[in-house]
Amino acid sequence: MIGESRLRLVWIYPDLLSTYGDQGNALIVERRALMRGIEVERVDVRSDQPVPTSGDIYLIGGGEDRPQRLAAERLRRDPGLATAVGAGAALLAVCAGYQIIGNEFIDDLDQSEAGLGLLDVRSGRGAPGKRCVGEVLAEVDPALGLPVLSGFENHQGVTHVGPGAKPLARVTHGNGNGTGDGTEGAYAGRVIGTYMHGPVMSRNPALADLLLTWATGVPLTPLGDHWHEQLRSERLRTVRAAASN
Amino acid sequence: MSGNSVPGQGGAPQRTSEALPPRSKLAITASRVTAAISRRAGKGSGSVIGGKLALRLAPDLLAQLSVGLQVVLISGTNGKTTTTRLVAEAMRAAGPVVSNALGANMPAGITSALAGAGNEARYGVIEVDEKYLAGVARDSDPVAIALLNLSRDQLDRAAETRMLAEKWREGLSGRDAIVVANADDPLIVWAASSSKDVLWVAAGQTWQEDSWSCPQCGGVMQRPGDDWFCSQCDFRRPSPTWSLAGDRMVDPDGRVWPLHLQLPGRANRANAVTAAAIASLFGVPVEAALERMKHVTAVAGRYDVVDYMGRKLRLLLAKNPAGWVETFSLIDPPPTPVILSVNALDADGKDTSWIWDVDFTQLAGRPLFVLGQRRLDLAVRLEVAGLQFQVFETLAQAVAASPPGQIEVIANYTAFQQLRKTIKEAAQA
């Protein structure tokens, strides 16, 4: 780490896993830190570069099927992320990234692939033609103290949460993990996985603040958040209205 | 590379609807009637509904209508409609052209356009939606197929970008058409790699975020300057025959031509180079092609400069990250104000995540106004980019708040259509 007061934000493999505006989560964490006077060093790690071990917050995004397989192959050979998570770094993984950090997923060749084992989930593939696409609303596990999450899902995964993790949230709208039990995402310690993009932090800045709180260990000063709140309430209102019709 | 030449130049059979089977003639008549009814009811041009009916009555109608025409297909994520227009203009130097000029680019719209052609038509210049390219290429037996570019677009309802490249590669394999393909887009080069006869055009690629991994082996792509190659296999940029070089075009003989287009921007210069390359396959000299393309000003309302509330508004359509990036590069410099409008209706794709792929900091230093059904998504995006902006509900409010001078208006698909409607209604009031 360059300076103790500097937060290292690591975005893993934008060249492979950045299909759904995933850069947004990096930009939002960065901005919310800067607005609290926390200096940020953002490191974008391309898939032919090693993952640094000294990051405070790691982000992995979504991607198409083949890039997902390539990303998993390269991350399995790179101990950087596991080392960092083992040392207490925070990790948010979205969609294809969520599947990769689990124990196992099904790749584009319909073969089972080992994940990174950083979160106790297993992902299979739903029936062809049964893709989960659309708006999601989900009530977060109260232990995390977050307001309802709003996001957009677009995946064919069916992700089962194992005993070593807890569901991140329960959907009131949309599919989430695709298991039919209403769960969405998973978390354990400082590792969070979700199918929600949008990107998820644009509608749920509290999630960015949760990662920042974990990384800094101190309470954060509240921000104005006028536009984030406007967007959140518009999305919640619109999605709920569509659901009640 | 073998000399690309068009078989049967000048010897194409005379095209006449008399040669069509009775069922096809009936289908065409029915489609024209349906289209006319749809128009009278104020539901657009009616070409799609008419074409759907015709294809139901005679499923092989597209193939039959293509007989006697020398067909050119144009597909890609961005620039299809404009390139189709430029090619059609250039090809008119060689003979009568039929074209789906208004962008109805699925089989029904294409069938409708061809059915509406007169018997004298010699060339069919056809824009094709990416998902339908392989099928339309099978049915219409084209002489040439232009592959412009592939990038992420409406991922909630369209196929994955790489999957599309793969489908093109399979669908175009074994076809006799000359493929005119962008050498600067690795996914396009991959899609064209199964074709026997390819004419490579260096048309540039500003948006590179969908082609960092090699479509052949998955290796990481290296991109020094204008070149690209895979770090792990032999997949690399082919050497182009036609090139866009800044404001100029280089033809296969090394002659350099200034491009004096009325259409703005780098992307349209690239489209013009592709169009000149296609026209040359049909014997149209470069001079004649460029002269004709010079007169194109607006294409289906895109790039149109219109009067509204006593102001000049330039209307720019941008539907996906690659399109927005190209559009930012052609607008007037600050302090020209920019109005941005984004919707997420069915035709736009319902997921607005893509706005986070667009680098809005390029709009710094000018007044920004935000509109559209998803203006709040855009507001959050601009705020996180550290930009100053104002959010309005209507175009009139945004224009009233704009400082004097021309205004650039950038909108995605349905937002663009809505703005055109608003402006048209104001002009009629």
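User: What makes strand 12 of chain B and strand 13 of chain B a pair, and in which sense do they run?

Analyst: In this predicted model, strand 12 of chain B and strand 13 (residues 311–317) of chain B are joined by four bridges in the antiparallel sense; two strands pair if DSSP finds at least two bridges between them, so the two are called a pair. One of these links sets B:Val306 against its bridge partner B:Leu313 in strand 13 of chain B. Strands are DSSP runs of E of at least two residues and helices runs of H or I of at least four, numbered from the N terminus. Residues are numbered from 1 along each chain as its sequence is written, chains are lettered from A and ligands numbered from 1 in the order in which they are written. Local features need pLDDT of at least 70 and side-chain atom pairs pLDDT 80 or more, while totals for chains, interfaces and linings use all residues, and side-chain values use heavy atoms, without hydrogens and water.

User: Why are strand 12 and strand 16 of chain B said to stand at the edges?

Analyst: The open sheet of six strands in chain B has the order 12-13-17-14-15-16, with mixed pairing. Strand 12 (305–308) and strand 16 (390–391) of chain B each have a single partner strand, so one side of each is left without a neighbour in the sheet.

User: How do you know which strands stand at the edges of the sheet in chain A?

Analyst: Nine strands of chain A form an open sheet in the order 2-1-3-4-13-12-11-8-9, again with mixed pairing. Strand 2 (39–45) and strand 9 (149–155) of chain A have a single partner strand each, so each lacks a neighbour on one side. Strand 9 of chain A runs antiparallel to strand 8 (residues 132–140) of chain A, to which seven bridges join it, and A:Ala138 has A:Leu149 as its bridge partner.

User: What makes the largest space in the structure a cavity, and which residues are closest to its centre?

Analyst: A cavity is a set of points, on a 1 Å grid over the protein atoms alone, where a 1.4 Å probe fits but cannot get out, and lining residues have an atom within 4 Å of a point. The structure holds four cavities of 30 Å³ or more, and about 190 Å³ lies in the largest cavity, a volume being the space filled by probe spheres set on points joined across faces, edges and corners. Of its 18 lining residues, A:Asp65, A:Gln68, A:Gln99, A:His155 and A:Gln156 are the closest to the centre.

Technical notes. On a 1 Å grid over the protein atoms alone, a cavity is a set of points where a 1.4 Å probe fits but cannot get out, and a pocket is an open set with protein on both sides within 12 Å along at least five of seven lines; lining residues have an atom within 4 Å of a point.
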